[in-house]
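Please walk me through this protein model, from the overall fold down to individual residues. I would like the cut-offs behind each term stated along the way.

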Amino acid sequence: MKSSVLTRYRVMAYVTAVMLLILCACMVAKYGFGVGEDLTFAVSQLHGVLYIIYLIFAFDLGSKAKWPFGKLLWVLISGTIPTAAFFVERKVVAETLPLVSGAQAQPVKA
């Protein structure tokens, strides 16, 4: 497996997770304080598009890593749970790094 497959997934996992946290903050502002309705709409639309890209990259990684369906499903769903994508991404990288061509089986540094 090429390292670019893992890199694309990692970038989109972080982008999706950060956008979901921003969306949560916007939702609190909109429904809790009655402000930022337009911003919430824009952020929700952007997060939706980025989540679709995340799904494509995560599915690509999962198919190349030959993950079982349950694991693939968990990785795909983690983009909808605030902060989950951060933790899932770290675990996925630790498990798939040895599969990347030319990579040594080394632990990921925090």
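The protein contains four helices and zero strands, where helices (H or I, at least four residues) and strands (E, at least two) are DSSP runs numbered from the N terminus. In sequence order the pattern is α-α-α-α. This is a predicted model, in which local features need pLDDT of at least 70 and side-chain atom pairs count only at pLDDT 80 or more, while totals for chains, interfaces and linings use all residues. Residues are numbered from 1 along each chain as its sequence is written, and side-chain values use heavy atoms, with hydrogens and water left out.

Along the principal axes, the C-alpha atoms occupy a box of roughly 50 × 25 × 25 Å. The protein has 110 residues, of which 33% count as buried; buried means under 20% relative accessible area, exposed over 50%, and partly exposed in between (1.4 Å probe, protein chains only). The exposed surface comes to about 6,700 Å², with 70% of it supplied by carbon and sulfur atoms. These areas come from the Shrake-Rupley method with a 1.4 Å probe.

Contacts are defined by heavy atoms within 4.5 Å. Taking those between residues at least 6 apart in sequence, 66% join residues at least 24 apart.

A UniProt record, an unreviewed entry, places the feature "domain: DUF3817" at residues 6-92; such annotations may be inferred rather than shown by experiment. This span is 86% helix and 0% strand, and its end C-alpha atoms lie 9 Å apart.

Two residues illustrate how parts of the chain meet. Thr16 belongs to helix 1 (residues 3-33), and it counts as buried because its relative accessibility is 0%. Its side chain reaches the backbone oxygen of Met12 at 2.7 Å, a polar contact being a pair of N or O atoms within 3.5 Å; within protein, one must be able to donate a hydrogen and the other to accept it, and residues adjacent in sequence count only if both atoms are side-chain atoms. Beyond its neighbours within four places in sequence, Thr16 is in contact with His47, Leu50, Tyr51, Tyr54 and Gly79.

His47 lies in helix 2 (residues 37-65). With a relative accessibility of 8%, His47 also counts as buried. Residues up to four places away in sequence aside, His47 touches Thr16, Met19, Leu20, Leu23 and Gly79. The C-alpha atoms of His47 and Val18 are separated by 9.3 Å, although the two are 29 residues apart along the chain.
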